[in-house]
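Let's take a walk through this structure together. Have the sequence and the 3D view ready, and we'll go one stop at a time.

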Amino acid sequence: MEISPRTVATIVTVISFAVFLGVVSADPDLLQDVCVADLASEVKVNGFPCKETFDGTDFFFDELANPGLTNNTYGSLVTAANVEKIPGLNTLGVSLSRIDYAPDGLNPPHTHPRATEIVFVLYGKLHVGFITSKNVLIAKTIKAGDIFVFPRGLVHFQKNVQHAPAAVIAAFNSQLPGTQGIATALFAAKPTVPDNVLAQAFQIDAGLVEVIKSGFGPKC
Ligand SMILES: *[C@@H]1O[C@H](CO)[C@@H](O)[C@H](O)[C@H]1NC(C)=O
């Protein structure tokens with residue numbers, strides 16, 4: 001059978017669209033108006049089961065209004081406004097965070113397994129970046145009013161480059177993006193990742209691995 005160029009074009013279009021859908025899909029789509037999370041339920045599902053009754057408070061949160069306390073090891077604090085704080089977000093596929101930075105503070109390299117992140121700078125100046133799966137650093141210095149995007153799953157960071165506080169609002173295409181800190185995942189996991197694994201991975205001796213691990217105490 002002869003396949004016309006037109007048929008080929010149609011097939012290519014359909015395949016491209018299917019691939020595109022597969023690549024951009026984040027949280028699953030909702031099947032009803034709302035499914036306000038019953039956070040106390042014992043039932044385990046993908047997300048949370050729906051509550052019988054709900055009201056405006058289930059769709060409300062006012063804790064991003066003020067700066068969070070940044071007097072910690074890294075000099076930064078993420079205040080999440082996700083489904084765990086706003087039950088009404090269950091199945092809606094979005095959430096926000098506010099991130100505050102002490103002078104020179106750092107939000108250390110981490111990933112969000114379930115969401116792309118887009119930040120809007122409220123005030124201050126930050127050097128931000130992400131690393132592609134080809135190990136290319138994509139970075140920029142951003143200031144009040146600027147936006148920067150961290151693609152889903154890629155390692156990224158934000159460093160306050162001024163000796164003054166900074167803050168951003170971050171939006172995510174997931175009700176619960178998840179956060180995995182690179183240093184803490186490797187050096188502060190419980191049970192611990194074996195020293196010989198880390199020594200070989202980082203090409204350092206086990207003594208140095210212990211030194212790095214000892215830096216991750218309860219103070220974080
Ligand atoms: C951070 O500051 C708050 C309020 O000033 C204080 O209660 C808290 O103990 C401080 N935390 C650390 C880790 O210093």
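How many aromatic pairs does the count come to? The answer is five aromatic pairs, and keep in mind that we're looking at a predicted model.

Let's start with Phe187 and Phe202. These two make a tilted aromatic pair, with 5.4 Å from centre to centre and 50 degrees between the planes. The pair links distant parts of the chain: Phe187 sits in helix H2 (residues 182–187), Phe202 sits in helix H3 (residues 195–202), and they are 15 residues apart. Phe187 counts as buried because its relative accessibility is 9%, under the 20% cut-off. Phe202, at 42% relative accessibility, counts as partly exposed.

Phe187 has another partner, Phe216. Here the ring centres are 6.5 Å apart and the planes are at 10 degrees, so this pair is stacked. Phe187 belongs to helix H2 while Phe216 is in the segment after helix H4 (206–214), so the pair ties together parts that lie 29 residues apart in sequence. Elsewhere, Phe130, Phe148 and Phe150 come together as one aromatic cluster.

Find Gln175 in the loop between strand S9 (166–172) and strand S10 (180–181). Is Gln175 buried or exposed? With a relative accessible area of 8%, Gln175 is buried. The side chain of Gln175 reaches the backbone nitrogen of Thr91 at 2.4 Å. Leaving aside neighbours within four places in sequence, Gln175 touches a list of residues including Asp27, Gly47, Phe48, Asn82 and Val83. Also among the contacts of Gln175 are Leu89, Asn90, Thr91, Leu92, Gly93, Val94 and Ser95.

Conventions:
Residues numbered from 1 in each chain as written. Predicted model: local features only at pLDDT ≥ 70, side-chain atom pairs only at ≥ 80, totals over all residues. Heavy atoms only, no water. Helix = DSSP H or I, 4+ residues; strand = E, 2+ residues; numbered from the N terminus. Buried < 20%, exposed > 50% of the residue type's maximum accessible area, 1.4 Å probe, protein only. Polar contact = N/O pair within 3.5 Å; in protein donor to acceptor, adjacent residues only side chain to side chain. Contact = heavy atoms within 4.5 Å. Phe/Tyr/Trp six-rings, centres within 6.5 Å; stacked < 30°, edge-to-face > 60°.
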